[in-house]
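Colleague: I have the model open and want to go through it piece by piece. Can we start?

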Amino acid sequence: MLLIPSSSITTFFSRTLLNPNSRTLLRTMASNSHAFAGNPIRTKTPKPTDPVSPQSAIQTLKTLLISGQTGPFSPDFRILPFRKGRPLAGWTTEGLKWHLGWLSLGECKVYLENSEAARLGDDAFVYLGCRNENGDDDVVYWAVDVSEVSELVNELGARHFCFVELRTLMVATDWADSTAMGYLAIAGHARALLEWHNTARFCGYCGCGTVSAEAGRRKQCSNELCKKRIYPRVDPVVIMLVIDKDNDCVLLSRQSRFVPRMWSCLAGFIEPGESLEEAVRRETWEETGIEVGEVVYHSSQPWPVGAGSMPCQLMVGFFAYARTLEINVDKEELEDAQWHSREDVKKALTFAEYKKAQLTAAAKVEQMCKGVEKGQNLSADFNVESGELATMFIPGPFAIAHHLILSWVNQVPVDGVGPQKQAAGSISSL
Ligand SMILES: [Zn+2]
């Protein structure tokens, strides 16, 4: 049996659900325990008057990149290269885990010949944050898209760095390791911004090209008559665990794209003019024919690794209490949907399999960084989640669906009126 770390979301629920006001607490829960949340270098929205504003920082960065200066540089710059949406990662032999491939400005100057640096447009750089570290100088963090700089791959490969699919890093991350979870959040934030730059090349109002502004934090239409300001958008997705209180069951579903034996929560996009609660009820009704009454907010998770061309989705999680039980699956949306008992769902929380998948993915990242798997097709990454031990399983601890389901599993129903309190200590024994 594996123990869930004391800092995890699970323990939060063990505390809150013992409290009679647990539902109120659930609504106010911070979501920084989820993968991709809790970015340690995200700072308050910078102002032009800040000592190191994004505008001033990018001018300094660009000047220094093409200058003959060799350092030291002030402020200190840390630059995370991305290639086709994949962050640069390295492997730490001590501790056997991956880390982000931050480069100093000096290293960037070596790897990016002056001509290459000059060729990178403003769109290639995005400001990630600024921190005053250890009372020393400010450190300014950047992501740079080097998809067009072909020579860089060999240079970095020689240092045992490799561009790795974010989804692979997500599965490879030990969810008990807060430092590694911080890396994941930084990479997710950076990827979302860089991908947004790739999809926001033209103004939606007049069709003219856009230019980067505020060090990549927004874009602006280049047409002098339009000059629309364009900000990164987040696409909210409702994800809900539909609960049958009377029979102590939950509704889980399968999509055809899922790996075999994986079941998860229902999810769907919000339509214009619709509240989150309405979206939960509509999506549940459309996909399964089940009518939902009460909808209770659980938590939310940034999701920069979703399918399609949306750079950053925000998964907004709910408990949805069913009013009707008859399932009528929309086969165009789902492969199947079924009610599952608490015992069956508990067995599907296969922590041994999650750990195995994490170690397998970590070994893959190690091999990639050491050049063993160079050139391998990464499209099969999702398969590392697939388990071998249980008859069914649910997504791993990196997904909000996991936490919605785990929260419910660890609640104890009271006289058929639904989960209100929890047996002390039951979570730590998972
Ligand atoms: Zn325009």
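Colleague: Is Cys265 buried or exposed?

Modeller: Cys265 is buried, at 5% relative accessibility. The cut-offs are under 20% relative accessible area for buried, over 50% for exposed and partly exposed in between, with a 1.4 Å probe and protein chains only.

Colleague: What should I know about the source?

Modeller: This is a predicted model, in which local features need pLDDT of at least 70 and side-chain atom pairs count only at pLDDT 80 or more, while totals for chains, interfaces and linings use all residues. Residues are numbered from 1 along each chain as its sequence is written, and side-chain values use heavy atoms, with hydrogens and water left out.

Colleague: How many disulfides are there?

Modeller: The count is zero, where a disulfide is a pair of cysteine sulfur atoms within 2.5 Å. For Cys369, the nearest cysteine sulfur belongs to Cys162 and is 5.6 Å away. Cys369 is buried, at 1% relative accessibility.

Colleague: Next, the zinc ion. Which residues are its protein donors?

Modeller: Cys203, Cys206, Cys221 and Cys226, each through SG, at 2.3 to 2.4 Å from the zinc ion. Donors are N, O and S atoms within 2.8 Å of the metal (3.2 Å for Na, K and Ca); water is not among the atoms, so sites may look incomplete.

Colleague: What is the geometry of the site?

Modeller: Tetrahedral, with angles of 95 to 116 degrees among the four donor atoms. Four donors get that label if all angles lie between 85 and 135 degrees. The ideal angle for four tetrahedral donors is 109.5 degrees.

Colleague: How are the donor residues spaced in sequence?

Modeller: As C-x2-C-x14-C-x4-C.

Colleague: And what is the accessibility of Cys221 and of Cys226?

Modeller: Cys221 is buried, with a relative accessible area of 3%. Cys226 is partly exposed, at 23%.

Colleague: Which strands are in the sheet with E9?

Modeller: E8 and E10; the open sheet has the order E8-E9-E10 and antiparallel pairing. Strands (E, at least two residues) and helices (H or I, at least four) are DSSP runs, numbered from the N terminus. Two strands pair if DSSP finds at least two bridges between them.

Colleague: Why do E8 and E10 each have a side without a neighbour in the sheet?

Modeller: Strand E8 (210–213) and strand E10 (229–230) are at the edges and have a single partner strand each, so one side of each has no neighbour there. Helix H8 (residues 178–199) packs on the sheet and touches E8, E9 and E10; its direction is at about 15 degrees to that of E9. That angle runs from 0 to 180 degrees between N-to-C directions, with axes fitted to C-alpha atoms, for helices over the stretch in contact.

Colleague: How many bridges are there between E9 and E10?

Modeller: Two, joining strand E9 (residues 218–221) to E10 in the antiparallel sense. Lys219 has Ile230 in E10 as its bridge partner.

Colleague: Back to H8. What does His189 contact?

Modeller: His189, which is in helix H8, contacts Asn39, Arg42 and Leu128, leaving aside neighbours within four places in sequence. Contact means heavy atoms within 4.5 Å. His189 is buried, at 14% relative accessibility.

Colleague: Another strand pair, then. Where are the covered and uncovered faces of E3?

Modeller: In strand E3 (residues 97–100), Trp98 and Leu100 are on the covered face, whereas Lys97 and His99 are on the uncovered one. E3 runs antiparallel to strand E2 (residues 86–92), with four bridges between them. Trp98 is the bridge partner of Trp91.

Colleague: Which residue in that hairpin takes a positive phi?

Modeller: Gly95, near 95 degrees; the hairpin of E2 and E3 has four residues between the strands.

Colleague: How much of E5 is buried?

Modeller: Six of the eight residues of strand E5 (residues 125–132), so the rest of the structure largely encloses that strand. Seven bridges connect E5 to strand E6 (residues 138–145), and the two run antiparallel.

Colleague: Last one: how many residues of H12 are buried?

Modeller: In helix H12 (residues 400–409), 10 of 10. Among them are His402, His403 and Trp408.

Note on methods
Tetrahedral: all angles 85-135°; square planar, octahedral: opposite > 155°, others 65-115°.
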